[in-house]
Every structure is written in C-alpha cells, then in structure tokens.
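This report goes through one structure part by part. Please have the sequence and the model at hand while reading.

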Amino acid sequence: MYSLMKKLFPICRSITGNGNRETLNIIKEIIPINIIEVPTGTKVFDWTVPKEWNIKDAYVLNSKKEKVIDFKTSNLHVLSYSIPTHTTCTLEELKKHLHYLKDLPDHIPYLTSYYKENWGFCISYNDFLNLKEDTYEVVIDSELKNGSLSYGELIVKGLSDKELLFSTYICHPSMCNDVLSGMVVNTFIANYILNLKNTHKYTYRFLFIPETIGSITYLSKNLDYLKEHVIGGYTITCCGDNGNFTYLKTRLENQLTDRVTLHALSNSKINNYKVRDFMTAGSDERQYNYPGIDLNIGSLMRTKYYEFSEYHTSYDNLSFNSEENLCGTLSMYIKCIDIFEFNENFVVNTYCEPHLSKYGLHSDIGGSKILNDSSIILQFLYYCDGRDFLSIAEKLKIPMWELYDLSNILLKNKIIRVESQ
Amino acid sequence: MYSLMKKLFPICRSITGNGNRETLNIIKEIIPINIIEVPTGTKVFDWTVPKEWNIKDAYVLNSKKEKVIDFKTSNLHVLSYSIPTHTTCTLEELKKHLHYLKDLPDHIPYLTSYYKENWGFCISYNDFLNLKEDTYEVVIDSELKNGSLSYGELIVKGLSDKELLFSTYICHPSMCNDVLSGMVVNTFIANYILNLKNTHKYTYRFLFIPETIGSITYLSKNLDYLKEHVIGGYTITCCGDNGNFTYLKTRLENQLTDRVTLHALSNSKINNYKVRDFMTAGSDERQYNYPGIDLNIGSLMRTKYYEFSEYHTSYDNLSFNSEENLCGTLSMYIKCIDIFEFNENFVVNTYCEPHLSKYGLHSDIGGSKILNDSSIILQFLYYCDGRDFLSIAEKLKIPMWELYDLSNILLKNKIIRVESQ
Amino acid sequence: MYSLMKKLFPICRSITGNGNRETLNIIKEIIPINIIEVPTGTKVFDWTVPKEWNIKDAYVLNSKKEKVIDFKTSNLHVLSYSIPTHTTCTLEELKKHLHYLKDLPDHIPYLTSYYKENWGFCISYNDFLNLKEDTYEVVIDSELKNGSLSYGELIVKGLSDKELLFSTYICHPSMCNDVLSGMVVNTFIANYILNLKNTHKYTYRFLFIPETIGSITYLSKNLDYLKEHVIGGYTITCCGDNGNFTYLKTRLENQLTDRVTLHALSNSKINNYKVRDFMTAGSDERQYNYPGIDLNIGSLMRTKYYEFSEYHTSYDNLSFNSEENLCGTLSMYIKCIDIFEFNENFVVNTYCEPHLSKYGLHSDIGGSKILNDSSIILQFLYYCDGRDFLSIAEKLKIPMWELYDLSNILLKNKIIRVESQ
C-alpha cells in the first residue's frame, strides 16, 4: 500500500481534471475499476457539475526573476481551481491572494475555491514574512473549461444482491493521510474481496470519487438502487497515521455498521479507540447519511480529520504515514467485513435443548462441579431465538470471531438454522 | 405585578364568595376575562358545588370585652368556611376550636373546613399560650347559603385551535407566594399574549379558579373540548419568593410541556433548579393530569408549596415576595412559550446537502482546517428528518433560542420545510 | 421440612428407578401428587427416555477381602447408571474407573454416566491416595433394563386457568441443598396453596421430575397447554443453606416472574441478595425458557449451584441445611406468590380525583402544611391508569404488601376497578 501511495503522491488532483484520471488509471492497474465521466453542467440534486480544471504550472517571480513561490515544488501552493492568471502587482496587491497559517508557520495550507472564480497561492507563514516590497509577476498556467468529472467504481457481486459500500475520495493534491491513505486502503479491501472469488455473501461496491460533488453526483445517478440494496459500509480516510482508531458513527446511530465496527473495536486488544458523533462528520458520509438518503455509512479511521495538526497542510506527507499503520487499518476493516459476512439471525431447530451427546458435543461424564466446555454451546443456543449473531456475541461477552467455529458446528449438525433477515 | 399583588392582598377569598368576585373584577381591569358563576348543588363528576360562604367579621372577646382574636387584623384567623356562630364558652371549650403550629410559634396557620360544617380560629402558638382561664364570647358573622362558585376565563385565539392552558387558583385569603403570585403572573402572561395581536401559533386559555373544586368544575364542563385541543400548559403558583426554580413534571413525564420547560431551565444560565415528580403534585395539575384526563400540565415555580416554612401561614406575606422575583418567573414562562411557538417538525427539502454557496451561506474558500460557521448549518440540517426543533437543539446541545434565526433563514431559503405534526 | 429431608436423604435416586418412586410416594403422603410413568424408548423431542437403572449394592474388595469402597456407606460412591459389573483387576486398571477431586481431598464427588454405558466409583482424594498396589475385586449389583421414568405432578385449580409453575428435580442421591431442599420446599408451597382452599386466582402446577430428561419429557407431553396457560413460575433448588438469596432471571428478562421476585427481594429487609443472568442457568429453567418454549420461569435460591464448594459432593449433607433456612426460603416464595395473586391492572372509576371526604378517606380540616395520610391514597390513584399494581408500588417506592389494604379499600368503594389484563 505504501508504494502505491508513493506513486500517487506527486499527482495534482482536484474535484475534476487530468490528475484524477491519472490517479484512477494507476488504481485500475491493481483492481478492475470502471472510470466514469460526468459532463460539466450536469444537474445533480441541488448542485451542478462544475467546469473541469487543469493546471500545468504556476509561480510568482520577484523583480530579479527569482521564483518566490513555485507550484513545481509543491502543488499545494496553488489555491485549487485558480483561474488562468498572468499579471504584475505590488506586494500589497499580491498579499490579497496569499493564504498562510500563523499558528503553523512552516506549513503550507491546502485551500480551494471551487464555486467562486478566484486565484491565489498558499505559502508558509515564514515564507510570507520573507516577502519584500517589490514588483511581482504572477503566472498561473491553468485552464477552466467545460469537461467532465471523473470517478471510479467497482462492483464485486456476492451471493446476495444486498451490498456493502466502501467509498473514498480522490480530490486532494499531494497529501497522504487525508486522501491517499483512504485510496490505498480502499484499493486493497477491494483486492481482498476479489481474492475471495465470489464466495462472500454480500455484493461489494467500491467508489473512488471527488468529495461532496462526487458523492452527490453518484447518489443522484444511483439513489433508488442504493437505497434498496445498501445495508451499510464506510467512507475511508485517515488510515495511515500512527494514532489510535476513531469510529465516526452513522447519523441514526446503532445501525448495523455501528454495531459491527464497535464490536470489532471493543473486542480487539487495541489501545483506547475513540468514537465520534455524526455531527462532526466531514466527508462523504455527510451525503450518504443525509436525511432521506440514509445508507447508514460509518467511517473507521485512525486520527480523524480536524484532530491532527498536519491536516490540510504540506506536513500531511509521506513521512506522516507508514505501511504498518495502513496494514493495521486494513486488518480492522477486514475484521469488520468478516463480522458483516458471518452475522446471521439464528434460530434453534429443537424444542428444548438438543441431546448434545448424540452429536459428540457433550462430555460423557455428567455432574461436573464447574461449567464445562459444553456450557458455552448451551449459552450460545439460549440466544438463538431469531436475534443476530452480533447480539448473541454481545450477550455472551465473547468476541464474535471466537464463536465462528461453534456456529458452523451447530449449523452443520442442524441444531440451529439461519433465519432470513 | 407587585402593585397588583398589593391591591389583591387584603381581600378575604375562599372557594366561593364575594372576595373571589372582587378579585376577578380587579384582574378584569387588566385583561378581559369572563367571570362565570356555577350554582351551588351543581354535580361536577364525583363532587357537588358547595354552598357559597361570605364573612363580614369574627372575633373572640375575653370577659373584659377585649378582642383576643380579631378577623380584622388577619383574615387567616378564621377557619375558612366557619359557620355563623355566637356563643360563650370557657377556655377549655374554646381550645377545641383553636388551631396553631407548635413548631412555628409566631405563625398563624391557614386552614379550611369546606366539606364539614364547623367553626374555628387559627392563631399563633404564642398567642395561644397567652390565653387565660376566662369566659369568652365568640362571634363569627358569616353566611353559608345557596349561591355560586365564581371563576375567570380568558381565551386568546391563535392561528391554530391547538391550545396551551395556563391555570391559577384564587381561593386563598391574604397570602402571597401561595396564591397571589400565581394570579399576577398568569395575568401578565395573558397580557403578553394579548400584545402579540394574534400572530401566535397556539390558542391560549387562561383560568382563574378556586383550587380542586374549581378545576373539577371547569373540567366537567369542558372536558371533551380540552382533551381534543390542549397540548400542554401549566398550573401557576409560588412565583414570587427568591428561591431557585422548581419544575413539577406531568404525570406521564417526558411530555411536550416537560421537554419544553426542562430545555428552558437547563439551557438558561441560572442557579441549580429542582425537578419534582408528579407524585408530589398539590394543585390543579392533580386534576388536569388525572388518569383519563391527561392534559399533560406541568408547573413551573420557584420554591414549591410544602418546601418553604412560610407556606400556608401568615408569614407568606408581601415581604416574602418581590417584583424582581415575579419578573424572573414571568420571563421564564415567556421563554417556555417561545419554545412552544417555535417548536416545529423540520424536514430537509434537498436530496444530499444543499449547495450552501448558492444561498450565500458558505465561505467561498474551502478546506479550512477547523469547523467553520457553515458547520452549524450542516449539523442543524442533519437532524431535519422530521424530528422536532427541540430534539434538534438537544442533539446539538445548543439552546433552542440561539437557533431561531438559523431556522428562519433555512425556511426562507426553502432548504427545509415544516412538517405538520 | 427438615424432617422430610431426613426421611428422603438415604434413598439412592437417579433419573429413573425405584429410588425415585419411593421418594415420590413419601411426598404423596403429604400432598396428593399423581405419579406418572413414561416407558423407556419414548421419543421426547431430540431425546429418548433411557433404560431404567436400579442398584442393590456395590463395593471394591482388596485381596484381604476388605471393602475399600462401599456403596452402603455412601450412595455417591457409585457413578450413577453404572452397568452391572463383576471383575478382578489391578490398581492401575481400577484407577481408570475412579473419580475424585484433588482440590477437595475429603469430598466424595457426585458423577453420572446416563447416556454412555460405563461403570465407575467416586471416592475422596485422600482415600484414593491410600489405595495400594493389589488385586481388587469389583462388584456392582445394578440393573439397566427397559422400564420407565417416573415423575410426580399436582395441579391445584384456581379461579383462573392461568397457571404458575413450580418445578423441582428428584434425580440426585443423598445430597441436601442440591436436590432435597427443592423437593421439600416445593412440597410445602403446594401444601400452603392447598390450604387456601381454591380461593386463589391462579392455578398452580407442581412438578417433581428428574432433571433435564424429566422436564423435556414433561414439556413434550404438555407443551401447547403450558404455552397457553403458564404466566410464570420457578424451578426450586438450593433452598436450605445459610447463604443470602440468589435470583436467576428468566431468559428474556424483565418478565413478570422477574419483576415479582425482584420486587420481593429488594423490598424485604434482607441482606444483600444476588442476581444471576440466565446464561448461568443449570437446572430445568434451561428447558422451560428455551427459545420457542419461553414459559418465563425463574429460580429463587439461596447459594446457587456452582457457587458453594459442597456442591455435588458428599459434603452437601444434612448438616449443610437447616429448618430455619428452609423456612426463610419458603416465606420468600409465599411473598412472591402473594404478589402474583394481588397483581392486577387498576383503573380509576372517576373523572378527576374522587371526593375522598364522602368516603371517609380525607381529614375534615384542609390546608395542612405537610403531606398527610390521604396523600398516599391520591398518589396511588394517580397511577391507576391501567398499569399493574407492581408498577404502581415501584413508582411509589413502597413494598406492594404495604398497599394491599389500601387497594382493597379503593376497590370496595368503587374508586378504582380491576381491568382484565
């Protein structure tokens, strides 16, 4: 995952443009996504797909023709969606178009102006302080024209047409935790599912879309189908830093995705994890959970956007993420997928307890002074009354994965059956 | 309010009689109540409207013709509903008709004997101890005859025929917190509503009735209409002392009146307020919430009856109440009325988030590292899923009144709509 | 009860056999149970009634013809359901058939092998250590043949055909807390009910059955009727030790039996009682509460099986139980029965409060500064809105039994009525 991240890092992405296409094509080398183009001007609910933006170069020259700001050294230097510009100006005039962070004087901020035509540069506060009175030449070699918004989609069919949705966004330039980590983890979740070779229960839908306008566009094209089929899923971001896990709950809370993820987190031997209310949502789950949409999508992260100082700056770079952290997050996602897959509603097949000895599931000598191995079988059976596996595991206070074998034995012996949900 | 209280203080009131009519007529000078008379003997549910009682004078003379007890110095001296009496007796015989409070030796208690014919005097324990062996002449110049029970009613029509009920009792003689404070606050709530000039949503019903027999009488005449239209309200009493607020919950709890009042109290910057269970109810909410009546009426007070030592004694006088305290209570009632009025069920009008920039509700520069002003708009919208405004404010942990402007902007821009409840 | 326990103590019982019949006949001398026989081979749900087992004698002789193990000294010495055996063996061979408890070296364990043909002896670990290399002669004079399973049943009709079920097991040999205490308490509960001479509301069903196979057999013969009529009840065991009370909840929790028993326990002035989750069930409540059976049966015990070291050993003997402890448990069961009997859904008969003075239920002098006796009447009435007596008592935080008289007065005066549940 980390080498994919390194390959994707230099590309300048935005909500539209060639950088996004290049990104999607690199992902397509690993998993067979379809790349879809939606033309500028398409109405998508309350929004309109904007013009396509591409940029070749951008810089600011001082009077000695030295580049005091240079897009080539960091694509964060340009306010995303800056219009083509070639002008000469004083320092005072230039300052109106400069953005910086006083509190983080070494960090270049990441900013955008998608829906209001504008141009600007983002620089560190230290660099800003070094700018002298002078005449500056500003060049932004960009293009804003009718084109299209690009996104990637992969659907992996399962035994059921009920779906889990995994969505990540592709619209940020060179930042790792807040954009690339989500893309690489989503790619490798898809890869994991593809390797299961359709033995899985659920159909899996993987999306690589620009944030907000991308999910709105996608929902406007697919809403009815998604509402009927999606039973849960995640927006994936902030997967590569070394912080503890954070789970952002669905809007309605206590939905299947919440129950699955919180079971995985609370039963794994991990350091303190954090749980955040949907109110603090910041990515595409805002659309997926909007009232009336309600796909009940959560988000499993390490340190949440807004909660690390590197967020939306040049410091969210390759050294802020690691293969090890990405793998830890991938594993936790796979643990959740397993829970989704195993989670069935069980019902007993016998009136009263089954005669466990008949099935070789009970010690031949009875009367032991202590609860023995067969006790856990009985305790499991007591709650096979139509509730789901997750509820049984919660009731027994046992990680669900430690009960997978037991549930299979009981199913094989027809002591319990799966009841359709 | 305090000057109205002073004007009403000297009048001797009971559950019937001219004192009540005089009281209602003084209130009528401020708000246009109707005064209704219900004849003695009228059957009202399990009760019967009693005879009307009036009193001109009462005293006890010692053998030197000195008045040792005198109704003219305090109308609490006479057991309410004392029958006409003129007799001579020993101290021992007199004592059978004397009531006092050993624990509060300076206080004259307030007592009644509405439904059993009797006579008596209430005096301070110190005065009781000073009584010597002597021959006493007892005079009670009262009258108990067929007449009527009087009450006041004011209905202020709103845009809807759904109603809020505000009820206070008028049946006690010269006491302030436990009778007059409720009357004056109820009068000025009505005055406030009248000044809104019918722009309010709800219809408001104000009652000035004798306690218990009055509310039972009123309910027996209006029950079906009230059950269909009243959505909440208050019995008003104990509004003028300087204690913290107390809220007495409705019988069924968690009703709209409870939610409104507890939101107002918990979000106002006030000292600790108290909450009391309906079980400790003591005024007309007992009838309004009786099983099968269930108008879901609460009571917002300062110090609750039974919980201050001046209660039902001569010490509950004008110096125990103040204009400032009465105004504070009135303000809190108006805060609750505003919440009732603003509390609508909201639903979003767009699929997915609206494009806030279009409405001038979003900063043009995106990507800020921190939650900005538009975040509160989005957080508000996330919960416009049919739940009521009060629930949204509780979810956002923001006083509802700080969201009134925001809700109006969203309604005006048609981003949300009101769903009929 | 203790003398009945002493009479039953010496008998060797198992899940079938003459010991059980002898036991049931002794109980029949006190209460008129029917004794029912179910033939070997009868299919009962997932199980089959096993062969009948009887034993006359069993011992192990050393080469000096000394009895080193002797069934006559304790019937726990023989693994229950040991097949007829007469053999000679070395110490090493013998040891394969010996069972003991290393941690409790003086205790003879109680063990069984009902469903796998086997033979064995249970001895103390100290006795085990004393066994020397020798040639041993093993004699088990038992019989395993087609016969029947025996159980006792007594149904005492009440005014309603709704039933409370009281079930105890009879299948253990000489142990007191874990078998005999349940039998004697169940016998005397039945005796108490019989003495009520059919004035009780519920029909009572008392069962004396072998554990597990007995309740499964009983349910297989009576399931439909029981499901329609049983509203709660208990499995009775572990009633005679001097530990605090323990309540084992029904599988579904918060059922009537749970509410009744926890009300009785929490409102009695007793030492800390314990509550156990159904997951730790160990007796016939496992069957009565199995998913799809759901008779909602709890278990009120003193120290629960598994939780005292004497459990399933020779130390669970007559000195471990006492008449006083048995009586305390019986009293608590009767307290629960009273709650079941008194628990009705009440509704008020009047609109608004009744005029209590008319019924002599209110002080003639009104206006008291403190809540007086009639307050409790009103508080009770406020919650007569169709909820059950138990809920009213819980709301008022008063033991239900302290409200029995009040409820009778209100019913007699027709101020409230019983609403059919």
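## A salt bridge between chains

With which residue does A:Lys395 form a salt bridge? The partner is C:Glu253, and the closest N and O atoms of the pair are 2.8 Å apart. The model is predicted, and the distance is computed from its atoms.

A salt bridge also joins the side chains of B:Lys395 and A:Glu253, with 2.8 Å from N to O. Between chain A and chain C there are 5 salt bridges. Across the interface of chain B and chain A, the count is 5 salt bridges.

## How the chains are related

Chain A can be laid on chain C by a turn of 120° and a shift of 0.0 Å along the axis, and the RMSD is 0.1 Å. In chain A, the C-alpha nearest the axis belongs to A:Asn254, at 13 Å.

## The interface of chain A and chain C

The size of an interface is often given as the accessible area lost when the parts come together. For chain A and chain C, about 2700 Å² is buried between them, 58% of it on carbon and sulfur atoms. On the side of chain A, the residues that lose the most area to chain C are A:Cys352, A:Lys369 and A:Tyr382, which together make up 28% of what that side buries. The contact involves 27 residues of chain A and 36 residues of chain C.

There are 12 residue pairs in polar contact between chain A and chain C, both residues being at pLDDT 80 or more. Three elements of chain A each supply at least two residues of the side that touches chain C: α10 (373–382), β18 (385–388) and α11 (389–396). Of these, α10(A) gives the most, with 3 residues.

## The interface of chain B and chain A

Chain B and chain A bury about 2700 Å² between them, and 59% of that lies on carbon and sulfur atoms. In chain B, the most area is lost to chain A by B:Cys352, B:Lys369 and B:Tyr382, together 28% of what that side buries. Chain B brings 27 residues to this contact and chain A brings 36 residues.

The polar contacts between chain B and chain A amount to 11 residue pairs, both residues being at pLDDT 80 or more. On the side of chain B that touches chain A, two or more residues come from each of α10 (373–382), β18 (385–388) and α11 (389–396) of chain B. The element that gives the most to this side is α10(B), with 3 residues.

## The nonpolar core

In soluble globular proteins, nonpolar side chains tend to be buried together. The largest nonpolar core here has 410 residues, and A:Phe380, B:Phe380 and C:Phe380 touch the most other members.

What does B:Phe380 touch, not counting residues up to four places away in sequence? Its contacts include B:Phe346, B:Phe389, B:Ile392, B:Leu396 and B:Leu403. B:Leu406, B:Ser407, B:Leu410 and B:Ile416 are also among them.

## A buried histidine

B:His229 lies in helix α6 of chain B, which covers residues 213–229. Is B:His229 buried or exposed? The relative accessibility of B:His229 is 7%, so the residue counts as buried, the cut-off being under 20%. Leaving aside neighbours within four places in sequence, B:His229 is in contact with B:Asp161, B:Lys162 and B:Glu163.

Key
Residues are numbered from 1 along each chain as its sequence is written. Chains are lettered from A and ligands numbered from 1 in the order in which they are written. This is a predicted model: local features need pLDDT of at least 70, side-chain atom pairs count only at pLDDT 80 or more; totals for chains, interfaces and linings use all residues. Side-chain values use heavy atoms; hydrogens and water are left out. A nonpolar core is a set of buried Ala, Val, Leu, Ile, Met, Phe, Trp, Tyr and Cys residues joined through side-chain atoms within 4.5 Å. Buried means under 20% relative accessible area, exposed over 50%, partly exposed in between (1.4 Å probe, protein chains only). Contact means heavy atoms within 4.5 Å. Helices (H or I, at least four residues) and strands (E, at least two) are DSSP runs, numbered from the N terminus. Buried area is the accessible area (1.4 Å probe) that two parts lose on being put together, summed over both. A salt bridge is a side-chain nitrogen of Lys or Arg within 4 Å of a carboxyl oxygen of Asp or Glu. A polar contact is a pair of N or O atoms within 3.5 Å; within protein, one must be able to donate a hydrogen and the other to accept it, and residues adjacent in sequence count only if both atoms are side-chain atoms. Copies are superposed by least squares on the C-alpha atoms of residues with pLDDT of at least 70 in both.
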